[in-house]
Amino acid sequence: MSEGDMAVIKPKMLKSYIWLQTTDGSIQQVEQEVAMFCPLICREVIQKGMGSSKTHAISLPERVNTAMLSLILDYCRFHQVLGRSNKECKSFDEKFIRMDTQRLCELTSAADSLQLKPLVDLTSRALARIIEGKTPEEIREIFHLPDDLTEEEKLEPLKNVTDDPRIRLLNRLYARKRKELKEREKLKNTENGEQNDDRSVDDLLSFINGEIGDSKEIKSSKNKKKNRRRKDQQKNTCLYEANGSHEEKSLNFVCPSDDVNKFRPSPSLTLTLQDLEHDSLNDQLELDDGDIDDEIDPALKAQIDREVEDFARRLNSDWPQRMQEILSLGQERRRAQFSVNGNDSLRRYA
Amino acid sequence: MHMGDKPDLDLISNLPQSIIESILTYLPIGDAVRTSCLSRKWRYKWTTLTHLVFDEKCVAQTGDQVAVEKSLVNFITRALFLHQGPIHKFQVCTSILQSCPDIDQWILFISRNGIKEVVLELGEDGEWFRVPWCLFHCERLTRLDLFRCELDPPPCFKGFPCLKSLNLHQVLVAPEAIESLISSCPLLETLSLSYFDSLALNICAPNLKHLCLEGEFKDISLENTPLLVDLSVALYMTDENGENPEHSSNCKFIKFLGGIPRLERLVGHIYFTKYLSIGKDPGVLPITYNHLKIIELYQVSFEDMKEILVVLRLITNSPNLKELQLSGSSLTSMESPDLDFWEKEGPSDCTFHKLKVVKMTDISGLPHEMEFIKFLLRKSPVLEVMSIMPCVFVTMEARLIIVTELLSFTRASPKAGIVFIQD
């Protein structure tokens with residue numbers, strides 16, 4: 001056979017193959033004209049001479065796994081044939097693109113890493129068609145997007161792009177909510193401020209001298225209220241003693257004396273009412289605040305809290321208003337940023 | 001609230017920004033903006049879109065026209081306000097929006113953000129929007145499409161150095177301004193002009209490839225358009241031309257079509273052939289349209305010998321013509337002067353070597369029309385289709401006469417098939 005014949009026969013009998021290797025390990029050979037349809041592969045072959053043998057397989061980018069490669073090669077195999085009519089191409093594309101959303105996203109990514117622009121455009125359009133006309137919840141559902149916009153960000157008025165009256169209402173609610181949030185912040189700040197400024201020297205002294213401090217759980221604004229009340233009702237102080245196994249425990253309350261009688265002591269506690277000058281105290285009752293929590297049985301503590309709570313409630317003359325405040329504060333406190341002190345009883349009311 | 005979604009479960013947010021942007025570009029702008037409340041990552045993804053296309057579908061269509069207009073203006077303003085980065089295309093196409101000061105501000109905003117393509121189509125009622133001067137300072141502008149606007153270039157305007165496509169439809173602009181606008185855009189490739197004020201237009205655009213003219217022009221001259229490939233004209237006659245056709249001494253044909261050797265497609269409507277017939281006879285044309293493959297001429301009056309000559313001139317100077325489409329214009333007078341032209345002189349000896357498809361529409365069966373068809377059939381050796389469609393007013397008897405005549409014509413091409421199309 002002449003050389004000319006050989007040259008003619010060779011391409012017919014020996015089809016050129018390109019070796020490709022994906023990051024998940026598989027190595028395969030692909031017809032040259034199909035693989036060369038991808039610009040990245042084309043460059044690797046021409047500029048670096050890779051892909052001619054198994055050992056010199058072209059390593060494909062990370063985003064191209066075996067499944068995606070197979071899809072991409074199907075696409076290339078169809079489109080690299082010249083002379084296809086527009087109608088044929090469109091019809092193929094429409095069928096090709098039918099797959100679940102996850103694969104579609106992976107395919108977009110893989111096609112992009114191989115720089116196969118026609119396929120990237122095709123998949124992008126398909127993804128856009130999926131997104132179009134859907135609500136944010138539906139879109140998040142489809143693409144597994146985290147719903148991680150913060151309260152504040154969400155409270156920003158929704159861009160009312162369609163002037164939906166529902167959205168207008170929502171924006172108004174959000175505005176009100178934001179106002180409440182701000183007021184809550186302000187309230188918190190003022191309370192903190194009051195906490196700092198509120199007590200008179202006398203109060204502080206009596207506190208230090210050992211009026212058994214309120215248990216930690218009751219360091220609520222109610223206590224602050226009580227402290228304020230202490231200032232007002234200096235003549236009427238009561239002191240409760242908790243007996244039993246816990247001699248040390250004693251609770252300080254401010255109360256108008258007549259109210260006190262309403263209080264029914266629990267069996268485990270012996271509560272003694274004493275009229276005291278607010279600045280003289282029973283030494284017995286000296287206790288360090290910090291030890292209270294450690295030494296009291298939690299169940300008992302809870303019970304004490306409950307009773308304290310109960311009593312304090314009755315003390316306030318403007319109770320109904322106070323009730324409202326507590327309720328709303330309790331509700332908001334759950335969502336507020338500042339730490340809620342560990343007052344179970346408070347929460348129970350909220 | 002799904003706090004536990006791992007980042008790798010998220011299918012889409014981690015695609016490259018260029019892909020996200022192209023996905024968002026394929027979405028209507030309303031949906032694209034809505035993606036900002038999907039998740040934290042998506043909050044501002046839409047804000048870097050470079051193509052902003054607005055229409056009335058962006059906002060809710062309540063019945064109240066005024067409210068819809070207001071909400072559309074708000075939407076566009078807020079979208080621009082939130083936008084970051086360059087804006088390459090800005091398009092507002094809506095009939096509900098009239099001229100308002102906000103549009104000026106939008107144009108100002110985009111002019112400062114590297115705008116390249118502007119498409120502005122506004123409503124018909126009310127005052128037409130007057131394009132602010134800041135638009136004329138957009139050096140990078142490549143495309144300008146204006147519908148129903150007022151264009152008044154500033155005195156110091158030197159042109160758009162990068163403009164490739166100019167479309168002015170129902171635009172109020174001074175005649176001098178148009179010519180200087182066109183000639184001051186050296187890269188202009190596509191020009192589409194719709195003008196109804198009896199304009200004398202002289203086009204000087206060395207890179208012009210596509211030209212579309214519609215309107216009343218008293219004179220058109222393609223002075224410097226050597227690269228023109230596609231010409232489409234719908235000419236309405238001014239009274240001047242209509243009444244005194246003989247007084248014009250220059251040959252309109254040469255002025256219009258004399259300098260475009262690269263022409264590939266020619267489409268003429270309404271009074272195009274009539275216009276071209278004005279002026280003295282050019283004799284042998286100095287130009288051959290070697291690339292002209294498609295000719296479409298509508299409303300050709302086959303009772304006017306001069307118009308027929310124009311058509312013949314065109315087709316005999318286009319050796320590579322493949323497709324010819326003619327439509328007759330039915331006038332009431334049934335005169336047919338110079339019928340012996342076809343026998344005596346005949347058009348110069350020529351053969352249409354490449355002509356494959358001929359479509360004749362609105363045929364009334366006029367003698368000249370029939371002679372013309374006969375002529376084509378005789379001179380087209382590779383003709384495949386000759387389709388004839390009669391005018392609606394032609395009676396059944398007349399149609400029968402036409403068909404009988406058609407049958408009698410000899411055909412040079414063995415493949416030629418005559419198709420008579422009834423409605």
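Start by selecting B:F136 and B:F157: both are buried (buried means under 20% relative accessible area, exposed over 50%, and partly exposed in between, using a 1.4 Å probe and protein chains only). Before going on, note that this is a predicted model, in which local features need pLDDT of at least 70, side-chain atom pairs count only at pLDDT 80 or more, and totals for chains, interfaces and linings use all residues. Residues are numbered from 1 along each chain as its sequence is written, chains are lettered from A and ligands numbered from 1 in the order in which they are written, and side-chain values use heavy atoms, with hydrogens and water left out.

**Stop 1: two ring pairs in chain B**

Next, select B:F256 and B:F272, an edge-to-face aromatic pair with 5.9 Å centre to centre and 80° between the planes. Rings of Phe, Tyr and Trp (its six-membered ring) pair if their centres lie within 6.5 Å; planes under 30 degrees apart count as stacked, over 60 as edge-to-face and the rest as tilted. B:F256 sits in helix α7 (residues 252–257) and B:F272 in helix α8 (residues 272–276) of chain B, so this pair ties together parts 16 residues apart in sequence. Helices (H or I, at least four residues) and strands (E, at least two) are DSSP runs, numbered from the N terminus. B:F256 is buried, at a relative accessible area of 0%, and B:F272 is buried at 0% relative accessibility.

Over all chains, a search of the whole structure finds 14 aromatic pairs. Go back to B:F136 and B:F157 for an edge-to-face one: 4.9 Å centre to centre, with 70° between the planes.

**Stop 2: a cluster in chain A**

Select A:Y75, A:F78, A:F92 and A:F96, which ring pairs link into a cluster.

**Stop 3: charges over rings**

Show B:K45 with B:W42: the lysine lies over the face of the ring, 5.6 Å from its centre. Then try B:R313, which lies over the face of B:F253 at 5.0 Å from the ring centre. The test is NZ of Lys or CZ of Arg within 6 Å of the ring centre and within 35 degrees of the ring normal.

**Stop 4: where the chains meet**

Colour by chain. Here 33 residues of chain B are in contact with 36 residues of chain A (heavy atoms within 4.5 Å). The two chains bury about 3,300 Å² between them, 64% of it on carbon and sulfur atoms; buried area is the accessible area (1.4 Å probe) that two parts lose on being put together, summed over both. On the chain B side, select B:L11, B:Y26 and B:L38, which lose the most area to chain A, together 22% of what that side buries.
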